[in-house]
Amino acid sequence: MSVKITINNAVKKYGNNTIISDLSLRIREGEFFTLLGPSGCGKTTLLRMIAGFNSIEGGDFFFNESRINNMDPAARNIGMVFQNYAIFPNMTVEKNVAFGLKNRKTKLPNEEISAKTEKFLKLMKIEEYRDRMPERLSGGQQQRVALARALAITPDVLLMDEPLSNLDAKLRVEMRTAIKEIQNSIGITCVYVTHDQEEAMAVSDRIAVMNAGVIQQIGTPKMLYQRPANLFVATFIGRTNVIKTKIEVADGKPYLVFPGNYRVELKNMISEEVKSRNVAASIRPEELVVNTESNDGIRAVVDDAVFLGLNTHYFVHFTDGTKAEIIQESQIDSIIKKGTEVFLKVKTEKINVFDEEGKKNLIQGVVNDLDEYGAGK
Ligand SMILES: Nc1ncnc2c1ncn2[C@@H]1O[C@H](COP(=O)(O)OP(=O)(O)OP(=O)(O)O)[C@@H](O)[C@H]1O
Ligand SMILES: [Mg+2]
């Protein structure tokens, strides 16, 4: 059985130090939910509160309708996987996977233990290593054992804290696909912690972006990327060029003004926000396009060109010195050389424009599941 997790007004303090002051969150049954944020923002702290390894200084935690604040961790029926594999070094792979099943309060019949162990050895593709000791496994294989062991007990919730960060880049990609597939096939509620935004986007149904103990936005990877709620989310999810500039209103229409005085009309601005003002525009590298037809656009000079196969990255500066990165699909015949003057068009329907402090997106269409708690109150 999988559960939904509800957290209302959680508070976490270490001594006098408040790490989380008021955090609310709903994780759906069977959802792959990720806590994403920079180092020290409180991801592990929150995960450990869900697991029951941390004291809770305020608020309520629920698995379905039952309040778990004071429930013993062992009674929460959770599976956990950590960064440092934490499998038992003195047991074979098979014994590791069977461990949780053998140590249940209510004893399981031996046939059931072997059947379940078998199932997860197969699912995690580690059957052939069943008699090996962990020291003779690679990092990726060890992490598969940890995952199989966590899942074998049929937990209601699977909690994972940076499970892939000790693996090399290629294995990380392989393992994240494996984790996602398994989560899909068994439909378990997963709470996943990472500071790697690409990993988060690859595995998650929804992501909560955290900064300094505060959730900034909750949404699907696509929503966070395309319509970030604030500048922090815009810069944390994916790459972006932040351009400090202004909005000028002419004939009631808002125009975004670029260095060199190139301006584009913003047709999708929130109407109450339309007024002449300073703003921070977030323009992703693929939202700037080199104009090959005419000299219309933001005037810029190419400082460097990096060919990466499918795409070529151009690093440019505008007339006022503002630097920006552009990604263009590589052309068969040419790369624009350093020092070349170019003119850049802007994919205005895609870009995001924030107030001067970067606290609010002024463009329509931001979805933030956090709003259901009256965030920003
Ligand atoms: N046992 C503890 N005692 C005191 N302060 C702690 C303790 N554990 C964590 N903290 C503090 O709480 C804050 C959040 O820590 P946490 O480990 O949750 O961060 P994180 O988001 O998991 O970071 P990372 O990505 O580096 O793992 C940090 O400022 C940390 O120093
Ligand atoms: Mg952590």
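1. Basis. The model is predicted, so that local features need pLDDT of at least 70 and side-chain atom pairs count only at pLDDT 80 or more, while totals for chains, interfaces and linings use all residues. Residues are numbered from 1 along each chain as its sequence is written, and chains are lettered from A and ligands numbered from 1 in the order in which they are written.

2. Domains. The protein is divided into domain 1 (5-231) and domain 2 (232-366), with bounds that come from an automatic or database domain assignment, and their C-alpha centres lie 38 Å apart. Twelve residues of domain 1 are in contact with 19 residues of domain 2, contact being C-beta atoms, placed from the backbone, within 7 Å. On the domain 1 side, β9 (206-211), β10 (214-219) and α7 (221-226) each give two or more residues; helices (H or I, at least four residues) and strands (E, at least two) are DSSP runs, numbered from the N terminus.

3. Ligand 1. The shell consists of Y14, I19, G37, S39, G40, C41, G42, K43, T44, T45 and H195, where a residue counts if its C-beta atom, placed from the backbone, lies within 6 Å of the ligand. Helix α1 (residues 43-51) supplies the largest share, three residues.

4. Helix α5. This helix (residues 169-186) has 18 residues and reaches 26 Å from its first C-alpha to its last, close to the 26 Å expected at 1.5 Å a residue, the expected span being 1.5 Å times one less than the number of residues. Its buried residues are R172, M175, R176, I179 and Q183; buried denotes 20 or more other C-beta atoms within 10 Å of a residue's own, and exposed 12 or fewer, with C-beta atoms placed from the backbone. Seen down the axis, the buried residues of α5 fall within an arc of 105°, so they line one face of the helix, the arc being that of the directions from the helix axis to the C-beta atoms. The face turned away from them carries the exposed residues K170, T177, E181, N184 and S185. The cover over the buried residues includes β3 (32-36), α4 (139-152), β8 (189-194) and α6 (197-203), and α5 is followed by G187, whose phi is positive, near 65°.

5. Residue L310. L310 is found in the loop between β16 (298-307) and β17 (311-318), and it is exposed because 8 other C-beta atoms lie within 10 Å. Leaving aside residues up to four places away in sequence, L310 touches E329 and S330; the C-alpha atoms of L310 and S330, 20 residues apart along the chain, are separated by 5.7 Å.

Methods: Two residues are in contact if their C-beta atoms, placed from the backbone, lie within 7 Å.
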